[in-house]
Amino acid sequence: AASEQRPWVLDPIPLVIAPADWARLEVGLNQRARVLDALLADLYGPQHVLREGIVPPQLVFANPAYLRCCHGIQPAGDRWLHLHAAVVVRNHDGKWLALGDRTGVPQGLGYALENRLAVSRLFPDAFQECHVERLAPFFIALRALLRGLLPGRDTPRVALQSPGPQSATYFEDAYLARYLGFPLVEGGDLAVRGERLHLKTLGGLVPLDVLFRRVPDRLCDPLELDGAALEGTPGLVQAIRQGRAAVANAIGSGLVESPGFAEVLPAVSR
C-alpha cells in the first residue's frame with residue numbers, strides 16, 4: 001500500500017569532505033562524544049557539575065529526558081554513549097561547527113548504508129576515482145563493541161530492539177539488524193525473569209545479553225518509565241541496574257540532546 005512506503009531523501013551528488021577537513025572533524029567529534037559521555041556519567045552519578053554550579057540544576061531536574069530511576073546505575077563498561085551523532089555545518093569561513101547532538105537513539109546508520117549502495121551503483125567510475133572511505137570497518141567495530149559490552153560472556157547474545165512496524169524507522173531497523181546479523185525484536189518479544197533479560201521463542205525463554213536499542217528512552221520499560229508504553233519491556237531497567245543486561249545507548253542518554261547543554265559544554269570539558 002502507498003501508506004506503507006517509506007521514502008527517504010537521497011542526494012545523488014553527496015557532500016564530499018576532503019581528508020584534511022575530516023581529520024580535524026574527527027578529532028573534534030571524538031572529543032565531543034567523550035565529554036558528553038563523561039557528563040552523563042556525572043549527572044546520573046555524583047553530580048559534581050551541579051554542586052560546582054557548572055550546570056544549572058533546572059537544566060537537569062526540569063528536563064523530562066532526565067530519568068530519575070536511572071540515577072546510580074552503572075552501565076556496562078562504565079559507558080553511556082556507544083553511538084553519537086552530531087549536527088554539523090560549515091560556515092562562510094569554511095569553519096566546521098557542531099550545532100547539536102543525538103545521543104538517545106541516533107538514526108541514519110541504515111540509510112547511510114542504503115545511500116552508499118545506491119550512489120556507488122549510480123556513479124561507479126567516479127566512486128572508485130574518489131577513493132571513498134569504506135563504511136564496513138565502522139560496522140565491524142560496532143558489532144564487536146556490542147558483543148563485548150558484558151564481560152565474561154563467551155558467546156553473548158545480541159538483539160536489535162525496534163519500536164515495531166508502525167515506526168517510521170522500521171525499514172532502517174530491519175536493514176541494520178540483517179546487515180549486523182542480529183535478530184530484530186520488539187518489546188513484546190522480550191521478558192525479564194529473575195532480573196535476567198530473555199528472548200521469547202517457540203522453544204521457551206532464551207537468555208539475552210545485549211540490546212542495540214532503537215526505542216526512545218521513556219518507552220523502554222513501562223514498569224519504571226512510561227506505564228502506557230507498549231514498545232517497552234517490564235523490568236528492563238532493573239536487569240540493567242543489576243548488571244544482568246547491557247543496552248546501547250544506555251537508557252537515559254537522551255538527556256544531553258537538550259540544546260541548553262551547548263552553552264555549558266566548554267565549562268564541562270574544562
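How much space lies in the second largest pocket? About 520 Å³. The model behind these views is predicted.

**View 1. The second largest pocket and its lining.**
The second largest pocket holds about 520 Å³ of space. Its lining counts 18 residues, and the closest to the pocket centre are Gly28, Leu29, Trp96, Leu97 and Ala98. Helix H1 (19-43), strand S2 (96-102) and helix H9 (265-269) each give two or more residues to this lining. H1 contributes the largest share, 8 residues. By type, the lining of the second largest pocket divides into 10 nonpolar, 4 polar and 4 charged residues.

Asp21 lies in helix H1. Beyond its neighbours within four places in sequence, Asp21 is in contact with Arg90 and Trp96. With Arg90, the side chain of Asp21 meets in a salt bridge (3.6 Å, N to O). Arg90 sits in strand S1 (residues 85-90) and Asp21 in helix H1, so the pair ties together parts that are 69 residues apart in sequence. Is Asp21 buried or partly exposed? Asp21 has a relative accessible area of 28%, so it counts as partly exposed. Arg90 is also partly exposed, at 40%. For scale, Asp21 and Glu224 are 44 Å apart in space, C-alpha to C-alpha, and 203 residues apart in sequence.

A search of the whole structure finds 7 salt bridges. In one of them, the side chains of Arg214 and Asp173 meet at 2.7 Å, N to O. This pair links distant parts of the chain, 41 residues apart. Arg214 is in the loop between strand S8 (210-213) and H8, while Asp173 is in helix H7 (residues 170-180). Arg214 has a relative accessibility of 2%, so it counts as buried. Asp173 is at 0% and counts as buried.

Arg196 forms a salt bridge with Asp209, and their closest N and O atoms are 2.8 Å apart. Arg196 belongs to strand S6 (residues 196-201), and Asp209 to the loop between strand S7 (204-207) and S8. The two are 13 residues apart, and the pair links distant parts of the chain. Both Arg196 and Asp209 are buried. Elsewhere, salt bridges with shared partners join Glu172, Asp173 and Arg214 into one network.

**View 2. The largest cavity.**
How many cavities of 30 Å³ or more does a search of the whole structure find? The search finds 2. The largest cavity has a volume of about 120 Å³. It is lined by 14 residues, with Ile73, Pro75, Ile240, Ala250 and Ile251 the closest to its centre. Helix H8 (236-241) and strand S9 (246-248) each supply at least two residues of this lining. The lining of the largest cavity has 13 nonpolar residues, 1 polar and no charged.

**View 3. The second largest cavity.**
The second largest cavity contains about 40 Å³ of space. Its lining is made up of Leu83, Gly104, Val105, Pro106, Phe212, Arg213, Arg214, Ala248 and Asn249. These divide into 5 nonpolar, 2 polar and 2 charged residues. Arg214, one of the lining residues, is also the salt-bridge partner of Asp173.

Technical notes. Residues numbered from 1 in each chain as written. Predicted model: local features only at pLDDT ≥ 70, side-chain atom pairs only at ≥ 80, totals over all residues. Heavy atoms only, no water. 1 Å grid on protein atoms, 1.4 Å probe; cavity = no way out; pocket = protein on both sides within 12 Å on 5 of 7 lines; lining within 4 Å. Points joined across faces, edges and corners; volume = space filled by probe spheres on them. Helix = DSSP H or I, 4+ residues; strand = E, 2+ residues; numbered from the N terminus. Nonpolar A, V, L, I, M, F, W, Y, C, P; charged D, E, K, R; others polar. Buried < 20%, exposed > 50% of the residue type's maximum accessible area, 1.4 Å probe, protein only. Contact = heavy atoms within 4.5 Å. Salt bridge = Lys/Arg side-chain N within 4 Å of Asp/Glu carboxyl O.
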